[in-house]
Amino acid sequence: LIHLPYGGIYLIGGMSRAILEMRQNVLDKQRFDLQLQLEQEHYRRETEERRRNEETAGEEVTHIVNAAVAGDFTRRLELANKQGFLRDLSKGMNDLTATVDRGLTETVRMMSALARGDLTQRVEGEFKGSFLQLKNDANTMADKIRAIARRISGASREVQGATREIA
């Protein structure tokens, strides 16, 4: 048995509270450390995912640019799973290639018709900038070719009529 002098009980009670407080502080620190570790792991995963998404987007942009350089404007970038800048960039690239594809497809359609002798086809659709000028110039050219063909046809009929009169 240990004999405690007067007030020793209060001392043991105080020490007991201090030990409980220290224990609680250790538990709080362990929870804090665990929470910090979880947040760091979450941040690491987010960073890794962002890096992979950027790498994938870079590869997709390279493919669409290479296709465009080769004359293929039909390819588009996926917008799913993209956010912020990468989504805006992808949407902008898609809008750009769609505009070029539409302008060229419509102009090629009309020029192919002209090449086959169909002088009635025109570039149609709403365009801006250079594609509007291309549309207007192509349609003006088709109108002039058609007018020239009519004059040649009229002159040919006149020559045929004069030939019949001579004969």
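How many aromatic pairs does a search of the whole structure find? One. Keep in mind that this is a predicted model.

The partners are Phe127 and Phe131. Their rings sit 6.4 Å apart, centre to centre. The planes make an angle of 40°, and the pair is classed as tilted. Those two values are what one quotes for any such pair: a pair of aromatic rings is described by the distance of the centres and the angle of the planes. Both Phe127 and Phe131 are buried.

Now the core. Phe127 and Phe131 belong to the largest nonpolar core, which has nine residues in all.

What does Phe73 touch, once residues up to four places away in sequence are left out? Ala68, Thr97, Val100, Asp101 and Leu104.

Next, Glu126. This residue is in the loop between α2 and α3. Is Glu126 buried or exposed? Exposed, because its relative accessibility is 69% and the cut-off for exposed is over 50%. Compare Gly103 on the chain: Glu126 and Gly103 are 23 residues apart in sequence. In space, their C-alpha atoms are 9.3 Å apart.

On to the surface. Met111, Met141 and Ile145 form a nonpolar patch there. Together they have about 220 Å² of accessible area. Met111 has its place in helix α2. Its relative accessible area is 36%, so Met111 counts as partly exposed.

Let's move to helix α1, residues 8-69. Ala57 lies in this helix. Why does Ala57 count as buried? Because its relative accessible area is 4%, and buried means under 20%. Leaving out residues up to four places away in sequence, Ala57 touches Lys82 and Leu86. Lys82 is 25 residues from Ala57 along the chain. The C-alpha atoms of Ala57 and Lys82 are separated by 8.6 Å.

One backbone point for those of you with the structure open. Look at Asn81, in the loop between α1 and α2. Asn81 is not a glycine, yet its phi is positive, about 65°. Asn81 is also exposed, with a relative accessible area of 70%.

Last topic: charges. Side chains of opposite charge can pair when their charged atoms come close. How many salt bridges does a search of the whole structure find? Twelve. I'll show three of them, starting with Glu41.

Glu41 forms a salt bridge with Arg44. The closest N and O atoms are 2.5 Å apart. Both residues lie in helix α1. They are three residues apart, about one turn of the helix. Glu41 is partly exposed, at 30% relative accessible area. Arg44 also counts as partly exposed, at 45%.

Second, Glu48 and Arg51. Their side chains meet in a salt bridge at 2.6 Å, N to O. Why are these two separated by about one helical turn? Because they are three residues apart in helix α1. Glu48 counts as partly exposed at 27% relative accessibility. For Arg51 the relative accessible area is 38%, so Arg51 is partly exposed too.

Third, Arg51 again. Arg51 forms a salt bridge with Glu55, with the closest N and O atoms 2.8 Å apart. Arg51 and Glu55 are four residues apart in helix α1, about one turn of the helix. Glu55 counts as partly exposed, because its relative accessibility is 44%. And there is a wider set here. Salt bridges that share partners join Glu48, Arg51, Arg52 and Glu55 into one network.

To wrap up. Met111, Met141 and Ile145 make a nonpolar patch on the surface. On the charge side, one network joins Glu48, Arg51, Arg52 and Glu55. And again, this model is predicted.

Key
Residues numbered from 1 in each chain as written. Predicted model: local features only at pLDDT ≥ 70, side-chain atom pairs only at ≥ 80, totals over all residues. Heavy atoms only, no water. Core = buried A, V, L, I, M, F, W, Y, C linked by side-chain atoms within 4.5 Å. Buried < 20%, exposed > 50% of the residue type's maximum accessible area, 1.4 Å probe, protein only. Contact = heavy atoms within 4.5 Å. Patch = residues over 30% accessible without salt bridge, like charges linked within 9 Å, V, L, I, M, F, W, Y side chains within 5 Å. Areas by Shrake-Rupley, 256 points an atom, 1.4 Å probe, with all protein chains shown as cover. Salt bridge = Lys/Arg side-chain N within 4 Å of Asp/Glu carboxyl O. Phe/Tyr/Trp six-rings, centres within 6.5 Å; stacked < 30°, edge-to-face > 60°.
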